Amino acid sequence: MVVGGTRGVGLAVAELLAAHGAGVVVNGRDADAAEQAAQRIPGAVGHPGSPADPAVADALIDTCVREFDRIDMLVNCAGTAEPAGSSILNVTSGQFQELMDAHLGTAFQTCRAAAPRMVGQGSGVIVNTGSFAFLGDYGGTGYPAGKGAVTSLTLAIAAELKEHGVRANVVCPGARTRLSTGADYEAHITELNRRGLLDEVSYRGALDAAPPEYAAPTYAYLVSDLATHVTGQIFIAAGGFVGRFDRQNPSLVAYRDHHDEPPWTVEEIAAQVG
């Protein structure tokens with residue numbers, strides 16, 4: 001099941017999985033796009049709708065099981081861009097919720113629908129799409145918040161389902177898609193660089209991203225038997241660069257035993273941190 005599989009990275013992933021022999025259900029919100037994608041991928045089935053709707057998410061997984069007898073792989077590539085110029089200074093509650101639904105809502109609902117089936121089979125793989133944006137380097141609100149939440153959700157799913165033989169990972173792709181091209185996008189990236197939010201290397205890379213086909217192999221690897229030992233990890237697939245984020249671990253700032261010592265004072269904390 002490839003959610004958001006009608007365009008961009010999702011379509012490239014769906015095509016590559018089919019080329020490796022997988023039976024694929026492709027999903028997109030637009031019915032015509034879903035049908036066109038299914039027609040260009042041998043043996044694929046199209047299923048339109050927004051998986052942020054629980055009923056659509058359930059129907060997607062049911063379709064995969066009905067057509068191919070089981071659900072072995074769930075790949076979430078759906079997403080939508082932050083409104084041009086959006087920041088915490090001007091985003092509306094409605095805009096923020098739409099972004100959270102498109103990213104976190106879609107990932108949650110499809111994982112919720114697929115996970116029990118995979119546990120029942122004793123196997124399955126989930127790959128959700130994150131973004132460098134979760135670091136905050138690109139500004140915005142709902143997009144980085146949604147992608148960060150997808151990443152945390154995926155790590156939690158990986159931990160919870162490991163004993164059941166189900167794996168879950170995140171890919172943060174860098175690719176030239178409809179969300180990362182055009183005058184508005186270029187102006188946005190240029191402004192982030194001007195404000196110092198985006199360093200020169202990231203700025204140049206954002207304006208010269210590789211086609212989606214360069215990101216797809218990392219997804220295909222993660223759902224394959226070659227990655228049976230890989231779960232709960234965050235990968236980067238940007239052009240010829242494949243990377244991995246180290247897991248976050250706390251570093252010691254200060255410590256005292258609460259059995260023997262009073263709480264830290266504000267001034268003591270300031271001295272330790274400074």
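Two aromatic pairs turn up in this predicted model. A pair needs ring centres within 6.5 Å, for rings of Phe, Tyr and Trp, with the six-membered ring used for Trp. Planes under 30 degrees apart count as stacked, over 60 as edge-to-face, and the rest as tilted. Take Phe 132 and Phe 245. Their ring centres lie 6.3 Å apart and their planes meet at 65°, so this pair is edge-to-face. Phe 132 sits in the loop between strand 5 and helix 5 (142-161), and Phe 245 in strand 8 (residues 241-245), so the pair ties together parts 113 residues apart in sequence. Helices here are DSSP runs of H or I with at least four residues, strands are runs of E with at least two, and both are numbered from the N terminus.

Now turn to Phe 134 and Phe 245. Their ring centres are 5.6 Å apart and their planes stand at 75°, so this pair is edge-to-face. It links distant parts of the chain: Phe 134 is in the loop between strand 5 and helix 5, Phe 245 is in strand 8, and 111 residues separate them. Phe 132, Phe 134 and Phe 245 form one aromatic cluster.

Phe 245 is partly exposed at 23%. Phe 134 is partly exposed at 29%. The cut-offs are under 20% relative accessible area for buried, over 50% for exposed, and in between for partly exposed, with a 1.4 Å probe and protein chains only.

A word on the basis of these values. Residues are numbered from 1 along each chain as its sequence is written, and side-chain values use heavy atoms, with hydrogens and water left out. Because the model is predicted, local features need pLDDT of at least 70 and side-chain atom pairs count only at pLDDT 80 or more, while totals for chains, interfaces and linings use all residues.

Arg 256 lies over the face of Trp 264, at 3.9 Å from the ring centre. The rule asks for NZ of Lys or CZ of Arg within 6 Å of the ring centre and within 35 degrees of the ring normal.

The largest nonpolar core has 31 residues. Such a core is a set of buried Ala, Val, Leu, Ile, Met, Phe, Trp, Tyr and Cys residues joined through side-chain atoms within 4.5 Å. Leu 17, Val 24, Val 75 and Tyr 219 touch the most other members. Helix 1 (8-19), helix 2 (31-40), strand 5, helix 8 (216-223) and strand 7 (234-238) each supply at least two residues of this core. Helix 1 gives the most, with seven residues.

Where is space left? A search of the whole structure finds one cavity of 30 Å³ or more. On a 1 Å grid over the protein atoms alone, a cavity is a set of points where a 1.4 Å probe fits but cannot get out; a pocket is an open set with protein on both sides within 12 Å along at least five of seven lines; lining residues have an atom within 4 Å of a point. The largest cavity has a volume of about 60 Å³. Residues lining this cavity include Asn 76, His 103, Asn 128 and Lys 147. Helix 4 (93-121), strand 5 and helix 5 each give two or more residues to the lining. Helix 4 provides the largest share, four residues. By type, the lining divides into four nonpolar, five polar and one charged.

The second largest pocket holds about 270 Å³ of space. Strand 5 (124-129) and strand 6 (166-174) each give two or more residues to its lining. There are 17 lining residues, and Ser 123, Gly 124, Val 125, Gly 165 and Arg 167 lie nearest the centre. They divide into five nonpolar, seven polar and five charged.

Finally, some single residues. Asp 69 has a positive phi of about 75° although it is not a glycine. Most residues other than glycine have a negative phi. Asp 69 lies in the loop between helix 3 (54-68) and strand 4 (73-76), and is exposed at 68% relative accessible area. Tyr 255 lies in the loop between strand 8 and helix 9 (266-273), and is exposed at 63%. Arg 40, in helix 2, is exposed at 52%.

Conventions:
Points joined across faces, edges and corners; volume = space filled by probe spheres on them. Nonpolar A, V, L, I, M, F, W, Y, C, P; charged D, E, K, R; others polar.
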